[in-house]
Amino acid sequence: MTAPPGLDHDPLSTPIPRRRMLLFMGAAVLASGSGLGVLLAGCAPVAPVTVTLQLNPSSMPSGMPVEVPFSMTNASGVAVQSSVWLLKATDGSLTAYDPRCTHALCRYKWVAAEAKFRCNCHGGEFALDGAVLAGPPPRPLNRVPLKATGGVVAVDVPGDFVSPKESLGA
Ligand code: FES
């Protein structure tokens with residue numbers, strides 16, 4: 001084969017030295033490995049943040065949810081002011097609900113006169129047990145894991161938690 005004009009050899013027919021080939025292969029392996037590591041790190045679950053609530057459950061009525069505010073710093077370093085809905089059953093057991101509607105993360109409220117939660121963003125409604133009653137929410141209210149010991153309640157808020165969007169209207 002003849003060399004292109006201006007070159008004294010044909011680069012396509014010149015063998016690549018073994019050392020250079022090994023360097024190329026090593027760089028490719030490292031690049032794909034670090035790329036995979038970055039990809040896997042992006043998929044890793046974010047550890048929850050434990051928040052102690054400023055409320056003694058002995059002072060709560062049973063069967064009536066109470067909104068308990070809290071502040072935290074999430075895993076991204078963002079300061080969050082939010083709340084959980086805490087519900088005490090007649091047997092004294094507690095349930096904590098994520099304050100964000102499962103449709104589009106708006107803040108919802110308890111409507112005591114109708115004994116249900118309502119989200120004013122798109123009309124979503126939830127029963128006391130979190131089940132969907134009406135509107136577009138695709139699933140029941142999310143529960144937040146909690147521990148209650150000696151009158152102190154702590155909840156495990158998702159590490160990537162962000163505040164709910166404000167509903168339109170009251
Ligand atoms: S965000 Fe609650 S109904 Fe849409």
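Two strands are taken to pair if DSSP finds at least two bridges between them, and strands themselves are DSSP runs (E, at least two residues), numbered from the N terminus. The model discussed here is predicted, with local features needing pLDDT of at least 70, side-chain atom pairs counted only at pLDDT 80 or more, and totals for chains, interfaces and linings using all residues. Residues are numbered from 1 along each chain as its sequence is written, and side-chain values use heavy atoms, with hydrogens and water left out.

By that criterion, strand 6 (residues 116–119) and strand 7 (residues 124–126) run antiparallel and are joined by three bridges, with Phe117 standing opposite Phe126. Four residues lie between these two strands in their hairpin, where Gly123 takes a positive phi near 85°. Strand 6 is also joined by three bridges to strand 5, again in an antiparallel arrangement, and here Lys116 of strand 6 faces Val111. The hairpin of strand 5 and strand 6 likewise has four residues between its strands, and in it Ala115 adopts a positive phi near 50°.

Asp98 counts as buried because its relative accessibility is 5%, where buried means under 20% relative accessible area, computed with a 1.4 Å probe on protein chains only. Its side chain makes a polar contact (a pair of N or O atoms within 3.5 Å, one able to donate a hydrogen and the other to accept it, with residues adjacent in sequence counting only if both atoms are side-chain atoms) with the side chain of Arg100 at 2.8 Å. Beyond its neighbours within four places in sequence, Asp98 is in contact (heavy atoms within 4.5 Å) with Tyr108, Asn142, Val144 and Phe161.

Conventions
Buried means under 20% relative accessible area, exposed over 50%, partly exposed in between (1.4 Å probe, protein chains only).
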